[in-house]
Amino acid sequence: MTVEQQTRFRTLKDIPTPDYMSPGGSLCAGCGGLLAVRLFHKVLGPNLVWVNAAGCLTVMVNYPYVPLKSNWLYTAFASAPAGAQGVRDAFDILIQKGKIPAEEDVKVVVLTGDGGAYDIGLQSTSGAMYRNLDFYYLCYDNQAYGNTGFQVSSATPIGSATATTPPTPSEPGGNMFKRKDLFEIWRAHKPPYIATLSSSFAVDFLRKVEKGSKMKGPKLFISLAGCPTGWGYDPRETIREEKLAVDTGIWPLKEAVNGEVKHTYLPRALKPVEEYLSTQARYEHLFRPTKRTEVIRMIQNDVNNYWKMVSKDENVEIRLVGE
Amino acid sequence: MLQGMPSQGYYTRKGGEGVLSGSTLMTGNLAAAWGARLAGVDYVPAYPITPQTEIIETIAKWVRLGQMKGKLVQMDSEHSMLTAAGSASLSGARVFTATSSQGLLYGLEMLYNISGWRAPILLVNVSRGLAAPITLEPDHNDVLAARDSGFLQFHAETCQEVLDLILLGYRVAEDRSVLLPAIVNLDGFYLSFTREKVELPKMDTVSTFLPEYDPPAPLRATKPVSHGATVLSGNLYSYFRYRMHAASLEASEVFRKASAEYGGLFGREYEATEGYMLQDAEYVIVMSNSFTTIGKQVVAKLRERGVAAGLLKLRMLRPFPFDDVAKSLAGRRAVAVFDQNLSPGFGGILYPEILASLYHKKNRPQFVLPVVGGLGGKQLTVQELERVFESLRNGPPTFPDRPDPMYLMREDEFDRAKRNIAIASGGG
């Protein structure tokens, strides 16, 4: 049987009804990160510990109000994976020693933004993978330090304005560094499962979490997390924005099972990146007062080059933009 | 043993029933590892650093041989190590870990988290001076950087104390009215690598004294909890901080009771401070950790010459034993506070704490001399301490607004330093 045949999730109707998060939380309207957490939780069920690194979602658990039906542990910015190590190890030992019954066991899930995943927490993530820790890792990637007011992170795409890379006459392009390829950094550690996610492709999302849950060891997920306040779009557009990111080829949906990469969504024809960039205030300087075609072309070229490789590796035809 | 030296710094009782063996010679590091083993710890996250490494190497071997039932995992840094220590404790495990110096500072952020989580782990710090310049030998700037973290702090003079304070430390830390983590400090090299006689208690008697850790709100599937939640108001934050402070103060009494019980079982009873030849002493030096042994030697020598010298050892630094200090020092003619640490721009770190204990006492000593010495393990000689007592006896020439601190360094040491600097400058 293939994994596709085994899955509980075939259409949007299969999204589980039980919700482990209460409504009315303290996060921004339209938060893509929160959406990812909700979907993730639906697959794994209530018996888990969220081990959180400092970020937007830290303020979701705001004493005395906790919107979760699961355990929560806020650690620090740099070391949530180490926190997961302590929890996993403690449960294993206490169960083995007979000090707690096996029914009390929990799944351990690191919850971090891209600042924690790409920058300050990379070392402890690397350590947890090296030690083959049996845990889940969910990075909600809104591509900047969102909680502190949208400063550049090493997940910020080239061309994006942030609070610390404002476009100026001398540096009109905003951020001029390319994102780190976190997927490949993780893959170099050879964990059993890695996947990219987007809530806009919810079935794909649920299936991947489900697939990972059947494996032992580190299971890592990067979910695109549309950020209305940071990216600059109307909160109701989060799903549309994330879907555009996928359809333009900017956010590839893929997985790596034991290191073997496969794209789970192959657009037949990419939409032009301009369609995505032009909807967000963080890219406004690329269009006004004058259009910075050289930057837009650079972004398009990067996307085209990526999908050329995918076409070759996975032997599919994908229509690129402007070629 | 020096003449007139009444004890190794503890009350001895005959025939403690819980004694496993006669005395065994072991290093301070090995005594620390035995402390963890006898406490039956479940989990030891570790990271190597000199001079602490022997502790984790020993435990790693014991775990792999099955002599210790638990898990040791080597982490990727002290910051990660302490995070894992705290989160395992919140999951209900009894957790032990150890570090030194740079490692303690690298993980410092997590100390505040662990105490805020009210996770009663035990951390052994093997003191070592802080970079720069980088060095290996001890002073107490490392452990005192953790002074305000909410960890209880116990400082050991002897290898036996290292072991005993670990067992006592767990008992106090895990007490429901305390629930704070604890640091047991020992000096690198001077104690970590020095072999002394250590009496090992029997494991089953230790289990009576230290029953299994029973966490009040562990992470669990059937009864989910939140730890480390955000509080966005100053009044909530203040409330939790005051509660921590109150719990730390409570630890004094818990320690006293636990220590009495410990004495009954194992024959050694400890107080928060320890007096040495204090009874009729007019001139008293306050010290802590391994150099206290040198201090005692000097005091004994001075007594032989008829000088009414005495010594007060600080064993528990947090909670700070105000009453014990005040009781021991009030009414003395003059007191010296030996700080093996330096707060540049101020002086010794413990000096003001001693003054604070005495300020409201009517018969406080008129002269409290700040002394700084032993930095980076610089040898402390009998002559230097004799000089300190001489200053106490002479008193300050006048009574200035504040007495000049005494920075210990002998002339020959100073000359040697100058010669090295000349060599480094291309001269010499």
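Which residue just after H1(B) takes a positive phi? B:Gly40 does, with a value of about 65 degrees. Here are some notes to go with the structure above.

1. **Ground rules.** This is a predicted model, in which local features need pLDDT of at least 70 and side-chain atom pairs count only at pLDDT 80 or more, while totals for chains, interfaces and linings use all residues. Residues are numbered from 1 along each chain as its sequence is written, and chains are lettered from A and ligands numbered from 1 in the order in which they are written.

2. **Chain B overall.** You will find 14 helices and 18 strands in chain B; helices (H or I, at least four residues) and strands (E, at least two) are DSSP runs, numbered from the N terminus. The radius of gyration, 22 Å, is close to the 22 Å that the globule rule gives for 428 residues, so chain B is as compact as a globular protein of that length. That radius is taken over C-alpha atoms, and the rule is 2.2 Å times the number of residues to the power 0.38. Along the principal axes, the C-alpha atoms of chain B fill a box of roughly 70 × 60 × 50 Å.

3. **Burial and helix H1 of chain B.** Of the 428 residues of chain B, 53% count as buried (20 or more other C-beta atoms within 10 Å of a residue's own; exposed means 12 or fewer, partly exposed in between, with C-beta atoms placed from the backbone). Helix H1(B), residues 28-38, is mostly covered, with 11 of its 11 residues buried. Among them are B:Trp34 and B:Arg37.

4. **Where the chains meet.** On chain A, 39 residues are in contact with 39 residues of chain B; contact requires C-beta atoms, placed from the backbone, within 7 Å. By class, the side of chain A that touches chain B has 19 nonpolar, 13 polar and seven charged residues. Here Ala, Val, Leu, Ile, Met, Phe, Trp, Tyr, Cys and Pro count as nonpolar, Asp, Glu, Lys and Arg as charged, and the others, Gly among them, as polar.

5. An open sheet of nine strands, with mixed pairing, runs in the order E8(A)-E7(A)-E5(A)-E6(A)-E4(A)-E3(A)-E1(A)-E2(A)-E10(B); strands pair if DSSP finds at least two bridges between them. The edge strands, each pairing on one side only, are E8 (260-263) of chain A and E10 of chain B. E2(A) pairs with E10 (residues 226-227) of chain B in the parallel sense over two bridges, and A:Leu73 stands opposite B:His227. Elsewhere, E5(A) and E7(A) pair in the antiparallel sense over three bridges, with A:Ile194 opposite A:Ala256.

6. **A sheet in chain B.** Six strands of chain B form an open sheet of mixed pairing, in the order E12-E14-E13-E16-E17-E18. E12 (273-276) and E18 (406-407) stand at the edges with a single partner strand each, so one side of each is left without a neighbour in the sheet. E13(B) and E16(B) pair in the parallel sense over four bridges, and B:Val284 has B:Val335 as its bridge partner.

7. **Two helices side by side.** The axes of H3 (residues 78-90) and H5 (residues 108-116) of chain B come within 8 Å and cross at roughly 10 degrees. That makes H3(B) roughly parallel to H5(B). Axes are lines fitted to C-alpha atoms, for helices over the stretch in contact, with angles from 0 to 180 degrees between N-to-C directions; under 35 degrees counts as roughly parallel, over 145 as roughly antiparallel, 65 to 115 as roughly perpendicular and the rest as oblique. The contact of H3(B) with H5(B) has five nonpolar, four polar and one charged residues.

8. **Backbone spots to check.** Cis peptide bonds join B:Thr50 to B:Pro51, with omega about 5 degrees, and B:Ala132 to B:Pro133, with omega about 0 degrees. A:Phe150, which is not a glycine, has a positive phi near 70 degrees, and A:Phe150 is buried, with 24 other C-beta atoms within 10 Å.

Terms used. Contact = placed C-beta atoms within 7 Å.
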